Amino acid sequence: MIFAINEINKNPDMLPNVKLGYKIYDNCGTMDILRAALAMVSGLKGHVSDNNCTKTGTVQAILGHSGSRPTIAFAQVVGRFQIPVISHFATCACLSDRKEYPTFFRTIPSDYYQSRALAKLVKHFGWTWIGALAVDNEYGLNGIAAFIQAAQEYGVCIEYFEAFSSSDPPHSLQRIIEIIKRGTSKVIMAFMSHREIKLLANELYKQNITGLQWVGSDAWITDHSLTDSEGHIILVGSLGFTVSKAKMPGLEEHLRQLHPSQFPDSRFVRDFWEDMFDCSLNDTANTQRKPCSASESLQNDKSQFTDVAELRFTNNVYKSVYAVAHALDNLIKCEEGKGLFSNGSCADTKHIQPWQVLRYLNTVNFTTKEGEKVYFDSNGDSPARYELVNLQITNKGTMEGATVGIYDASLPESHQFIMNNIPVVWGRWLTEGVSVSVCSDSCIPGTRKVLQKGKPVCCYDCIPCPAGEISNLTDSIHCMKCPSAYWSNEQKDACVPKAIEFLAYDEILGTLLVLFSLLGVFLTMITTLIFYCHKETPLVRANNSELSFLLLFSLTLCFLCSLTFIGRPSEWSCMLRHTAFGITFVLCISCVLGKTIVVLMAFRATLPGSNMMKWFGPAQQRLSVLGFTLIQVVICILWLTINPPFPSMNFLHYKDRIIYECNLGSTVGFWSILGYIGILAILSFIIAFLARKLPDNFNEAKFITFSMLIFCAVWITFIPAYISSPGKFTVAVEIFAILASSYGLLFCIFLPKCYIILFRPEQNTKKHIMGKTSSYEIHH
């Protein structure tokens, strides 16, 4: 302060014809500070030797105090008298309240900005679960409250918050230690002074509590006396913000010129001088030391007092003095009409009042020799700019703060906090580098966060996303549904196209159905060959060979039409499979119906006076088969014309895959085809049933009855199975019904005859077929 005042008084461009004076109050304690403040308010008394000097009755400004609590105590009192108070170190955010402290200014940023910077620092390193400690006064409680609020905005949770003071009884400190020991957080935010942090570090060191990362406020993070404490090793690696370093040219020379004669009444200067040179300024004061000579000098001394390499808060004092000087300079150099008072008037320079200086302090805006801008906002706060320091052990064995980053609140949000490329030393015993302090580990993609009941938002469980939903971000709070054509992958972190499912040839079910279909074709062809080779035998002739061969041909088509149901559906295959099925089966049932009628007519024709066979001869048989088949052809043509089947994607049956199937188009058309086949089958069954009492040796009607019974049973059970079967199994059920009914007809009608032809030729005679008691001729 004295250096700055001397520098200003020597500057001819500032405060012309005016010299600044000062009075220093170095008493400690709140009451002494209040007493000093009241003395300054009541007016300065003393003799002024310079006759040309006009001395004001009261001080124009008060510089100090360094602490928030003493400043709070006297700033309110002084504020009532409109005297400006400028502090270089009182950081409590509460002092920004203009209603309570209308005349308070400071050249150090408010703890509000420091708290937000600390919260951003914690978030930057991913520490979301931390403990918070504070000194039990306005500085600590206000600072930690602002920090907690900012931290919560950044998603950081506080495991515990405790406050204590160095003046508290020992059990209070032990309670804090127990809380730290029980806590799971690895990072502790300490908003306190050097006194409290020393007590805390010493106790932690004694109890060997390690593995903690400390984040500190500016009140202790760069305090040089930390190295003197026993447990300072606990604090190695601590991080915190402090005001920027500054160079002050000329200060070192000013300090080296210090001599006790300049301050004969200063107890501090006297004690410092005696301790520095191990001598006594007063012969009677200390008999153990030799008297000081006039030759002692600080010019060549290397001590902490003359070391100006680490000036931080000292620069704030320098700026405070210059702020007042610039306010006075602007007031004195005021041009009439451009002043800050009513109608642009200026102040009377002969009788300057503190409230006038206060008005000009609000408008101060200047740049220091080092290029730093100095001004005050509407709350009396200075621009918030910090250096991030990391406590490291130097080669000398002392603990000093290395600058590893900067924070500037005047910059945009994304550019306020910048890390340098200087390596960071982490907390002692944190061998793996930066500590991880979280309540719950991050939820990986594919999971979502679910809060744990009764715990902060940082404590959560990671729940896998349900099927069909994904989360592709870390710590996602919800899962997103995949589009209808997509499904979640196994990891639930990406949507992939759904598998398209249809009954394919290369899968087991499809292969089996193809084999059974081809086997049916093969057996039908073998049967055809057997009947063809024995077409002149009585058994073949008696069973209406023409209808038998037509029936075998239609059965071959029935077996082959099942193949159209297998494979990827297309527009043509969808139309072909149902129409081919409908027409071939009607052809088949028409032949069976024809054979049934022939059997019945043949029996009736042998009765006396009967002439029925002439009404159902070969020509009528062919026409009936053709007529029944043409009706089905007409139904198929109408179906294909009006609303034919078409391939479609079924998203509803399964959630995880798409069924590629043939949409029936018109369900009426499909059930008409199926219903028509059912009517013919039931008619055949009824006629065959009526012919069941034919002579034993003539058992064609029995075989047809049994085959129709199987056919009807298969297709009756097909309907509910078809409706309830999912996806490709619907097609499989339809194929199974086709094959089962075809095999039923083939085996029931032709297998007994093939057995007689091949293995019982003695029964393949006209006499055996006619029977011993029969006397009629079988017509065909």
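**Entry 1: a surface patch.** I started with Ile508, Leu512, Leu515, Phe516, Leu519, Phe522 and Ile526, which form a nonpolar patch on the surface with about 680 Å² of accessible area together. Patches here are built from residues with over 30% relative accessible area and no salt bridge, joining nonpolar side chains (Val, Leu, Ile, Met, Phe, Trp, Tyr) within 5 Å and like charges within 9 Å. Areas come from the Shrake-Rupley method with a 1.4 Å probe, and for residues only the protein chains shown count as cover. I noted that Phe516 sits in helix H12 (residues 508-533). Helices (H or I, at least four residues) and strands (E, at least two) are DSSP runs, numbered from the N terminus.

**Entry 2: ground rules.** This is a predicted model, where local features need pLDDT of at least 70 and side-chain atom pairs count only at pLDDT 80 or more, while totals for chains, interfaces and linings use all residues. Residues are numbered from 1 along each chain as its sequence is written, and side-chain values use heavy atoms, leaving out hydrogens and water.

**Entry 3: buried or exposed?** My cut-offs: buried is under 20% relative accessible area, exposed is over 50%, and partly exposed is in between (1.4 Å probe, protein chains only). Phe516 has 44%, so I put it down as partly exposed. Valine 733, in helix H19 (residues 728-759), counts as buried because its relative accessibility is 18%. Leaving aside neighbours within four places in sequence, I found valine 733 in contact with Phe718, Ala721, Tyr722 and Ser725; contact means heavy atoms within 4.5 Å.

**Entry 4: salt bridges.** Side chains of opposite charge can pair when their charged atoms come close. The rule I used is a side-chain nitrogen of Lys or Arg within 4 Å of a carboxyl oxygen of Asp or Glu, and the count comes to 18. Which partner does lysine 369 meet in a salt bridge? It is glutamate 7, at 3.0 Å, N to O. This pair links distant parts of the chain, 362 residues apart: lysine 369 is in the loop between strand S11 (365-367) and strand S12 (373-375), and glutamate 7 is in helix H1 (residues 2-9). Lysine 369 is exposed at 59%, whereas glutamate 7 is buried at 16%.

I then looked up lysine 319, which meets glutamate 372 at 2.8 Å, N to O. Lysine 319 belongs to helix H10 (residues 313-332), and glutamate 372 to the loop between S11 and S12, 53 residues apart. Lysine 319 is buried at 7%, while glutamate 372 is partly exposed at 31%. Last, I jotted down a network of salt bridges linking Asp275, Asp278 and Arg289.
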